[in-house]
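Thank you all for coming. I would like to go through one structure with you today, beginning with a single side chain and then moving on to the contact between chains.

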Number of protein chains: 2
Amino acid sequence: MHFTSERRLDDGVVEREFTLGEIPGILWTPASAPDSASAAAPLILMSPPPLGLRTTYPRLAGRARYYAAEYGFAAATIELPGSGERPRWAAAEEARAALRRAMEAGEPVGAEIIDALVLPLVDRAVPEWQTALDALLSLPGIGGPVGYEGGLISIGVRLAAVEPRIVAAVLFAGSLVPAAMFEEARQVTVPLQVLLQWDDEGNDRQASLNLFDAFGSKEKTLHANMGGHTGVPQFELDAGARFFARHLK
Amino acid sequence: MHFTSERRLDDGVVEREFTLGEIPGILWTPASAPDSASAAAPLILMSPPPLGLRTTYPRLAGRARYYAAEYGFAAATIELPGSGERPRWAAAEEARAALRRAMEAGEPVGAEIIDALVLPLVDRAVPEWQTALDALLSLPGIGGPVGYEGGLISIGVRLAAVEPRIVAAVLFAGSLVPAAMFEEARQVTVPLQVLLQWDDEGNDRQASLNLFDAFGSKEKTLHANMGGHTGVPQFELDAGARFFARHLK
């Protein structure tokens with residue numbers, strides 16, 4: 001992990017860009033970082049949607065700064081495989097093109113398209129998040145426990161199922177979820193808060209409810225709000241922070 | 001409105017029992033009640049489930065004291081018609097007996113039983129809550145705006161639809177809802193937070209989701225949690241308080 005820039009923002013939060021091998025990322029830490037290991041800040045991993053960090057920076061930074069300034073959490077993100085400046089690979093580009101064609105034609109998105117689009121991305125992304133977690137947790141002032149929140153729900157499902165350092169997760173419901181992920185969802189046992197947009201134009205409501213139902217977690221809460229895919233209300237940021245505060249302290 | 005008892009609880013909250021005509025009720029006010037009209041405490045109306053105030057007192061008092069001590073809200077409740085010490089009426093008793101027979105036989109509860117059970121109760125209860133609201137808002141230190149939370153969702157639907165002083169409501173989903181209430185739900189426009197127990201043994205999940213869908217409110221959030229009818233997690237009390245804090249300040 002190599003830091004490439006550092007600046008202190010007006011709320012006192014420190015924002016540092018880094019690279020982890022070829023992967024760019026950003027780390028936000030609270031103004032007064034604790035200096036003893038016992039008071040290390042909890043860490044929120046914030047997985048972006050697959051649109052590139054540059055595009056999603058304002059939203060990610062807004063959330064991270066709220067977590068850091070209001071709750072004393074550290075927060076970090078890394079670029080997903082095939083997003084932003086990272087190299088594409090042919091199979092993913094073909095799957096994206098097939099998705100676009102289906103959506104433009106108003107046709108249902110077939111299971112084979114969803115599998116081709118999502119499964120290789122999950123297979124590549126999850127080990128990268130685990131490597132990032134190793135590096136982040138070795139920094140002074142950042143300790144466990146770790147929360148995860150993320151845009152592409154399948155990555156969150158796999159990560160929550162396989163990574164024992166993650167103790168709670170906020171997930172954004174989507175229905176472009178491979179059937180195989182439902183089985184992995186049953187393996188998830190950490191507390192979950194799942195956000196669902198009731199009139200999400202790109203996602204099927206019933207499929208999202210079915211995925212919520214499938215999670216193995218004893219504590220899981222669905223927050224369904226009105227509006228389309230990008231209309232998650234601002235107050236859900238605080239609701240997520242309070243969920244993490246319950247589980248990361 | 002006639003106060004019959006007053007005591008200061010160990011968190012400083014003042015609990016006063018009252019009668020409103022023949023109807024018993026309880027009012028909780030914050031330790032340091034504001035003394036100017038401009039700083040009057042917002043009021044939460046807390047409708048109990050139809051089990052009698054004595055039975056539900058611990059749960060109601062716990063919620064009210066949290067609202068008062070942590071958020072500075074006043075909170076009040078009154079006994080529902082036909083509950084507690086209040087007189088029964090024959091038609092309601094017959095409807096309750098029919099409900100019990102259907103549930104003991106494991107049969108679906110027919111629409112005519114639901115209508116007979118709920119509609120007369122709503123017709124009687126809603127004007128009582130409005131009278132209570134008149135009396136409560138005339139007390140010193142208590143001002144608008146008013147929030148409502150309640151056990152029997154049909155009463156909440158009607159009250160939120162017809163009572164303009166109520167500006168936000170937390171409702172507990174149930175499926176013993178007369179078909180006519182769905183039309184009234186479309187008339188509700190205030191912000192809502194609806195609690196749904198995912199594995200509620202006495203209520204049908206899909207019917208509850210349909211009622212949530214029917215509300216006319218632009219801001220409505222469903223909080224679905226695991227467990228049975230009485231298993232609403234403790235953290236939903238704080239989530240409700242924060243919802244009210246957003247809308248009653």
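This is a predicted model: local features need pLDDT of at least 70, side-chain atom pairs count only at pLDDT 80 or more; totals for chains, interfaces and linings use all residues.

Residues are numbered from 1 along each chain as its sequence is written, chains are lettered from A and ligands numbered from 1 in the order in which they are written, and side-chain values use heavy atoms, with hydrogens and water left out.

Buried here means under 20% relative accessible area, with exposed being over 50% and partly exposed in between, using a 1.4 Å probe and protein chains only; a salt bridge is a side-chain nitrogen of Lys or Arg within 4 Å of a carboxyl oxygen of Asp or Glu. B:Glu79 sits in the loop between strand 5 (74-78) and helix 2 (90-104) of chain B, where helices (H or I, at least four residues) and strands (E, at least two) are DSSP runs numbered from the N terminus.

B:Glu149 and B:Arg63 meet in a salt bridge, at 2.7 Å from N to O. Because B:Glu149 belongs to strand 6 (residues 142-150) of chain B and B:Arg63 to helix 1 (residues 53-71) of chain B, the pair ties together parts that are 86 residues apart in sequence. B:Glu149 is buried, at a relative accessible area of 3%, and B:Arg63 also counts as buried, at 9%.

Now to the contact between the chains. Chain B and chain A each contribute 22 residues to the contact, meaning heavy atoms within 4.5 Å. The area buried between them is about 1700 Å², of which carbon and sulfur atoms give 56%; buried area is the accessible area (1.4 Å probe) that two parts lose on being put together, summed over both. On the chain B side, B:Trp198, B:Met226 and B:Phe235 lose the most area to chain A, together 30% of what that side buries.

Four salt bridges are counted between chain B and chain A. A:Asp213 forms a salt bridge with B:Arg205, with the closest N and O atoms 3.8 Å apart.
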